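Hi,

Here is the structure I promised you. Have a look at it first, then read my notes below.

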Amino acid sequence: MGSGGVGAAFAPIAARRDFYEHVVFADIDESRAQRVVDRFDTKGRFSATKVDATDAADVASVAKIHNCDAILNAADPRFVPGIFQGAFDAGATYVDMAMSLSEPHPDRPHELVGKKLGDDQFAVATQWEDRGQLALVGCGVEPGFSDVAARYASDHLFREVHDVGVRDGANLEVPGHAFAPTFSIWTTIEECLNPPVVWEKDRGWFTTAPFSEPETFSFPEGIGEVECVNVEHEEVVLIPRWVECTRATFKYGLGDEFIGVLETLHKLGLDGTDRVKVRGVEVSPRDVVAAVLPDPAFLGAEMTGKTCAGTWVAGLGNDGRPREVYVHHVVDTEETWAKDGTQAVTWQTAINPVVALELIESGVWSGAGVLGPEAFDAVPFLDLLRDHGSAWGMTEMTPT
């Protein structure tokens, strides 16, 4: 469901695998889905159709017509409700890369949580459990690989985990564009301007101000030092449910210029999603911003640099001594463009649900209910990622 940047990047990666019979690419714009099929289908295993992702009945109907037993949600998180419910109604396994949207606390948004990311999905988890049906939520790269990395570190590298901090940084550049986000601007605005969530064992979940607690983090493979700030993200909601730790955070290397643009959009009200009337036409300000910016799916030919997703873990190692590691996945955009015709950020997001679906199909990952990636054994996932020719790595750090 969704044939934009990530949905399209799924196609060339999946085309090399044989764990499925057929993939239907569905989009509100059927021609966009068809372009994905025309571009990447080499064995007659892809097809395209139209779907209204806001309509659970339509999602279920499309899934049943095409005999789909798994649904991958590659749409913006605003479409989670319809696709999530549609998958349940169709009796299909559900996988997404972004969870249902949050709502800030009405009175103290930078201190207390309101509705958290994924709360709407976890609220009906027992219905999925009772039916024996699986909803694997948050299984892109972040969330996704980062959650798997946390589970791996907890199971194999540490006796006692204290801090789990997802850290995202890059040195990507898009020459010729004054401002060109490498991911959906709709989603970027949502996660960056909402109050970030932090989890502490003795306090539970709480929030801070956007872009709070800046720190400089050193990323591998030549990316170097990047200033990272608190951003709302699913890992902080997911990891403490399955990984025993003291604190969980998510920090993103945005840069002063990027933060400045987002703050300006917010001041002008251009981050809003409610429709406003302009010369007799009702439009969402955020949709207008997305429409005037370059489509991230088509930036690959112009983009240079690498992006890194990973999880920093600190605690006591298996020998009882203080230990810190950074388990990471680095992707070079020039390599992904040359190999698959897609840029690094969308490719890095798309490869992880391919891996997860293959593990589910083989029965290596199995379960029922609403589960995050860290609910499963991490090793088969990491091994299969390497089998795709996309190695993950680990940096041993000096304990502080």
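There are 2 cavities of 30 Å³ or more in this structure. It is a predicted model, so to speak: local features need pLDDT of at least 70, side-chain atom pairs count only at pLDDT 80 or more, and totals for chains, interfaces and linings use all residues. Residues are numbered from 1 along each chain as its sequence is written, and side-chain values use heavy atoms, with hydrogens and water left out.

A quick word on terms: on a 1 Å grid over the protein atoms alone, a cavity is a set of points where a 1.4 Å probe fits but cannot get out, while a pocket is an open set with protein on both sides within 12 Å along at least five of seven lines. Lining residues have an atom within 4 Å of a point. A volume is the space filled by probe spheres set on the points, which are joined across faces, edges and corners.

The largest cavity holds about 70 Å³. It has 14 lining residues, and Glu-103, Gly-114, Lys-115, Thr-207 and Glu-232 lie nearest its centre. The second largest cavity has about 30 Å³ of space, and its lining is Ala-15, Tyr-20, Asp-41, Thr-42, Lys-43, Arg-45 and Phe-46.

Phe-46 turns up again in the largest nonpolar core, which has 85 residues; Phe-10, Phe-25 and Phe-46 are among those with the most contacts inside it. (Such a core is a set of buried Ala, Val, Leu, Ile, Met, Phe, Trp, Tyr and Cys residues joined through side-chain atoms within 4.5 Å; buried means under 20% relative accessible area, with a 1.4 Å probe and protein chains only.) Helix α13 gives the most to this core, 10 residues. Helices (H or I, at least four residues) and strands (E, at least two) are DSSP runs, numbered from the N terminus.

In α2 (residues 30-40), Ala-33, Val-36, Val-37 and Phe-40 are buried. They cover an arc of only 95 degrees around the axis, so they sit on the same side of α2; the arc is that of the directions from the helix axis to the C-beta atoms. What about helix α8 (residues 185-193): how many of its residues are buried? The count is 9 of the 9, so α8 is largely enclosed by the rest of the structure.

Finally, the second largest pocket has about 750 Å³ of space. Tyr-20 is one of the residues nearest its centre.

Cheers

Methods:
Buried < 20%, exposed > 50% of the residue type's maximum accessible area, 1.4 Å probe, protein only.
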